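This note sets out points for a colleague who is meeting the structure for the first time. Please read the points alongside the sequence and the model.

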Amino acid sequence: MRVTDSVLTVCLCRHNCNGNAYSATHPEVLAVRHLTDSLIITSVNRPPFAMEAEAPATEDPGRKRRVHGMLKLYYGLNEEGKADEKPQSLDPCDINGPHFDPEHYLNKLRRECSLAELMDQETCMVKQIRSLDSDMQTLVYENYNKFISATDTIRKMKNDFKKMEDEMDCLSANMAAITDFSARISGTLEDQHAQITKLSGVHTLLRKLQFLFELPARLNKCLELQAYAQAVSSHRRARCVLQQYSHMPSFKGIQDDCHAIMDKLAQELRQKFRDGGSSAKDLSECVELLLQLDEPAEELCEKFLSHAGSRLESDLQGLEAEIRPSQTASSVKGAPARKSPPAGLPSPSSNTDILEFIDRGCNEFVSSLCLVITSYQELFINHAQTGELASKNIPQMANGKLHVFVDDLAARYFSLVERRIQEEKGVSDNSLLVRALDRFHRRLQAVAKLLPGSSVPNRGTEIVIGAATERVKQYLAALQSFYVDSLTDVRQALATPRLSLAAPGAGSGRDAPSGLPELLSSLSASILNQIKSVLASVHLFTAKDITFSNKPYFKGEFCCQGVRESLIVSFIKFVCQSSRQFCESAGDKGGSTPPALLLLLSRLCLDYETSTISYILTLTDEQFLSQHHSPVTAVTALCAEAREAAQKLLNHYVKVQGLIISQMLRKSVETRDWVNTIEPRNVRAVMKRVVEDTTSIDVQVGLLYEEGVRKAHSSDSSKRTFSVYSSSRQQTRYAASYTPSAPMDTNLLSNIHKLFSERIDIFSSVEFNKVSVMTGIIKISLKTFLECVRLRTFGRYGLQQIQVDCHYLQMYLWRFVSDENLVHFLLDEIVGSSAHRCLDPAPMEQSVIEVICERG
Amino acid sequence: MEDDAPVIYGLEFQARSLTAQTAETDAIRFLVGTQSLKFDNQIHVIDFDDENNIINKNVLLHQAGEIWNIGASPADKDVITTCYNKTSDSRVVSCAAVWRMPSNYETGSHESPDDSAHNPQTLELLCHLDDSAHGNAACVLWEPMGDGKRVISLADNHVLLWDLHESSTQATVSSTAMLEGKGQLKFTSGKWSPHHNCGQLATASDTAIRGWDLRTMSQIYCMENAHGQLVRDLDFNPNKQYYLASCGDDCKVKFWDVRNVQEPIKTLEEHSHWVWSVRYNHSHDQLVLTASSDSRLILSNMVSISSEPFGHLVDDEDLSEGEDNHQEDKTARVRLCGRCKEPLKDSVVSTYEEHEDSVYAAEWSSADPWLFASLSYDGRLVINRVPRALKYQILL
């Protein structure tokens with residue numbers, strides 16, 4: 001019982017020790033704890049005394065074990081030996097079991113065992129009880145000793161704890177004292193700390209003040225050394241402070257000093273800025289500093305621009321000077337240049353060509369403009385956007401100013417370029433101009449990139465377009481003048497042999513018209529070549545490597561409207577028109593244009609209609625692949641125009657040639673006294689001349705035009721049969737008409753004849769063939785003859801002469817016309833009319849007429 | 001609105017000369033002079049009955065010679081002038097004379113046309129315009145709107161102004177003018193201007209048109225090379241005093257403002273041969289007749305250069321002679337003036353192809369402004385009317 005009590009006490013004691021935080025590490029406490037631990041172990045190992053007094057104590061370890069197990073059981077720790085004990089415990093005969101029933105055991109023994117055995121059992125039992133008793137005595141003894149020592153130990157612990165408690169109290173008292181001391185020390189030191197802090201603040205302030213006081217000197221030094229940037233940055237640092245304390249006189253003094261210096265500095269900067277000698281970089285630096293000095297940005301912008309403007313201005317003046325002297329030089333040089341044609345091209349810019357000019361413009365003006373724009377943007381726009389000093393609208397303002405500035409200068413530059421381009425009149429070298437324009441345009445792209453919203457590149461493109469259209473116009477003019485010149489050449493070529501044609505020598509006359517086809521082919525070939533070369537030149541504008549060729553204008557409108565319409569189509573129209581003018585201007589007298597030229601032009605126009613126009617236009621369309629947005633003049637329309645011109649020219653040719661012959665005939669009829677003429681012996685010379693001229697015209701036309709179709713020929717067109725035919729026909733006519741008693745019959749006969757013949761249009765359109773042309777000419781001539789005859793009065797021989805003449809004409813003219821009946825009819829009319837107009841109509845014998853005519 | 005068919009009348013002889021009877025304003029009457037070297041020449045007085053579309057003719061003998069030109073007095077409808085060729089001793093001479101037609105010739109109109117040759121009456125010679133000293137007469141011009149006392153004859157290169165006295169039985173040259181220049185200049189034709197108080201004359205010679213002032217008998221303007229070839233005929237616009245039409249061998253008809261002699265205002269080129277005659281309509285000067293040796297007669301509507309370019313009516317006083325009795329006509333125009341402001345286009349109204357020989361003369365009737373006659377060399381006289389559509393277009 002005491003054991004349990006002591007254990008409890010120890011446990012309590014342990015609890016107490018754990019609860020005291022102070023003594024956790026205390027050596028006494030540790031010792032106490034050790035003690036209690038060992039105590040518990042010993043008490044556990046000891047079996048309880050009161051139990052199993054009669055338990056066999058034969059084998060100590062087994063017994064011990066059992067005792068141990070029982071202790072465990074007692075203390076509620078029965079985790080081991082459970083399985084062993086259960087079967088034993090149920091048997092009431094098991095002497096060691098818990099359910100042992102001595103009665104039952106005794107009964108069982110008495111029943112089963114013999115006396116001897118019972119005796120043995122009884123001795124054995126006594127022996128066992130005796131050993132058990134001794135064991136128990138030993139145990140009790142041992143345990144008692146242990147209890148004694150434990151009690152001693154506990155008593156000793158009690159004493160030690162008390163000592164420990166005292167020491168702990170002492171410790172806590174000491175600690176309180178220390179804390180108190182420390183608080184007192186920090187209390188005393190606090191004052192000094194604050195003072196030190198204040199002192200260090202004063203120190204920095206003093207340093208700043210020193211800076212401030214030194215500032216004027218420093219600034220001055222910077223100024224001397226021209227370290228403007230440093231000066232400005234220093235001043236910037238001090239500025240706010242000075243501003244803040246400006247109410248104090250000393251600071252005010254410093255501020256004033258600084259202001260003065262900075263003003264000086266600004267002055268100097270401005271001076272530098274104004275001087276303009278400095279490079280753009282210096283300048284921009286300058287501006288940057290000034291900007292930092294709170295110079296008004298707007299003013300600075302203006303100054304910067306005006307300064308840059310003045311430099312650009314000088315560039316422009318240089319350019320202008322390049323135009324001017326060339327102008328004056330050309331006007332001065334013009335006269336001697338004309339005197340000596342081999343001196344050189346009549347190009348107005350003999351000293352610099354356009355490429356050089358543009359080059360110079362690009363290199364000087366445009367590049368420095370770009371530089372100005374970049375530095376300006378750097379300074380005023382990009383910078384200001386980041387810098388806090390600029391209010392929000394400064395970039396916009398600056399941008400606006402820049403635009404105005406650039407536009408203004410660019411406009412002047414453009415006007416110069418335009419002037420220069422306008423001087424470029426000579427169409428000789430287009431590639432130079434195109435290259436110049438290309439460069440011009442290319443360099444403007446840089447400006448466009450720098451200044452996105454600017455109208456400059458558009459203007460530049462406009463100029464290029466203007467130059468291109470101007471160039472096209474010039475080419476058109478050149479083509480036209482070329483055409484006119486070649487016509488003059490042709491005219492001259494025609495005129496020289498024509499003189500010899502007028503001379504009686506027929507041989508030289510033959511040579512002349514034989515040149516017509518060659519003239520025609522050379523004319524048309526040279527025109528075509530010229531057109532091709534012009535197209536090639538113009539094509540440069542749309543070359544792939546030219547920057548502006550991919551502009552929509554050059555892709556579409558230039559090809560379509562510019563080249564095709566206003567160059568090629570206009571030229572073709574011009575050819576047609578000028579051809580038509582030949583017909584109109586030559587209306588009076590008809591002598592101004594040589595007929596051969598008319599014929600040639602007519603053929604030229606016809607050739608144009610049939611092939612050349614479509615060829616040229618195909619060529620153009622191939623070279624200038626346009627998308628055909630805008631309506632273009634159709635090939636058919638041009639062809640129609642050309643055909644019309646050809647028709648007009650040919651008609652005019654017929655008219656002119658007809659009139660030339662008519663004129664001869666008319667003069668011959670009008671100037672003769674037909675009443676008192678002598679008997680005809682010869683065909684009149686004028687008739688021979690008519691036949692001759694007609695023949696040469698026939699040859700001439702034959703050179704350029706095909707034969708054409710004739711209407712029904714008389715089966716054998718030999719002269720012989722023809723004259724028989726005509727004579728028989730004439731005789732019947734005359735037989736009727738010359739009977740003096742029957743005027744009515746004549747009328748009737750002629751009217752009947754007219755009823756059945758077609759109406760003859762004298763000046764009518766002709767077809768494009770030789771026969772038709774010749775028919776036209778002969779019609780005109782004979783009709784004139786008829787009308788003239790009707791205005792005259794004839795004597796007998798007069799009539800006979802007409803008869804002879806008409807017969808002669810009949811002999812030769814029929815072969816030229818498409819329908820020989822026409823000639824017959826007209827000649828019959830002539831003879832008939834002269835018979836009517838005859839006072840004494842006595843016709844000549846047909847045979848005599850023939851004889852005279854054969855004689856020639 | 002079918003247009004009336006043309007009325008055709010055939011003469012036995014060839015003929016070149018045609019005139020309207022200027023003084024006659026009631027009846028539509030034309031005078032035609034024939035050309036025959038072998039027979040007695042005739043003057044056919046052709047009356048056209050508008051209502052019945054019938055022609056009545058009277059034949060008067062003109063025994064002096066073949067007639068090249070005929071002119072009717074503006075005052076006395078029986079007095080005419082002719083230029084004729086006289087052949088004597090194998091010489092041909094052109095003369096001019098003033099004649100009186102017998103006043104009772106109209107009785108013959110009831111006879112059948114074919115027997116008129118049986119009993120033709122003869123013209124009564126009033127006087128010769130004796131100009132043998134001045135060469136061959138080309139044409140004789142009466143003073144327009146005059147009293148029949150003054151005529152001009154063009155002979156070779158002379159202009160002779162005659163005064164007729166004693167009912168035209170005596171003629172005296174009051175003044176002359178001569179065309180001087182290189183070569184043999186000859187007047188081919190001429191016209192006495194109805195404007196400027198009848199104080200101007202225009203003549204054609206070769207390719208030039210010349211204007212003369214009759215008071216001083218001096219040249220006042222000259223259009224050299226008015227036509228490429230010979231100028232054949234002239235006519236004054238009856239309503240516009242400076243306007244003149246000419247035609248010639250270059251197949252063209254040109255309209256001139258005589259104040260600008262450099263170039264014509266307008267040129268027509270419709271004929272395919274020489275144009276021999278050009279005539280303005282007396283009342284509606286946009287209507288122009290041209291006759292050509294391509295056997296065609298062309299009526300053109302030259303609105304743009306007429307006195308009524310917008311169909312607007314000119315002052316009544318400006319209208320020329322022979323208008324007075326067309327009162328209803330004029331009132332119609334007055335009523336409708338101010339309409340059709342749109343300028344009309346010049347155009348060829350129609351081409352008449354009834355002739356089969358050269359047409360040398362065309363004349364408007366003096367009585368009916370919508371009627372005209374044309375004469376071709378084969379002696380065919382064709383009377384035509386202005387198409388009704390155009391007539392109403394002009395009137396309404």
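**Notes on the predicted model**

1. A salt bridge joins B:E269 to A:K655, with 3.1 Å between the closest N and O atoms. The term denotes a side-chain nitrogen of Lys or Arg within 4 Å of a carboxyl oxygen of Asp or Glu. Across the interface of chain A and chain B the rule finds four salt bridges, and over all chains the count is 34.

2. The model is predicted: local features need pLDDT of at least 70 and side-chain atom pairs count only at pLDDT 80 or more, while totals for chains, interfaces and linings use all residues. Residues are numbered from 1 along each chain as its sequence is written, chains are lettered from A and ligands numbered from 1 in the order in which they are written, and side-chain values use heavy atoms, with hydrogens and water left out.

3. At the interface, 33 residues of chain A are in contact with 41 residues of chain B (contact means heavy atoms within 4.5 Å). The area buried between the two chains is about 3,300 Å², and carbon and sulfur atoms give 47% of this area. Buried area is the accessible area (1.4 Å probe) that two parts lose on being put together, summed over both.

4. Within chain A, A:R155 and A:D152 form a salt bridge whose closest N and O atoms are 3.5 Å apart. The two residues are separated by about one helical turn because they are three residues apart in helix α6 of chain A. Helices (H or I, at least four residues) and strands (E, at least two) are DSSP runs, numbered from the N terminus.

5. Two residues of chain B deserve a look at their backbone. Most residues other than glycine have a negative phi. B:D156, in the loop between β12 (150-155) and β13 (158-165) of chain B, has a positive phi near 45 degrees. B:D206 has a positive phi of about 50 degrees and lies in the loop between β16 (200-205) and β17 (208-213) of chain B.
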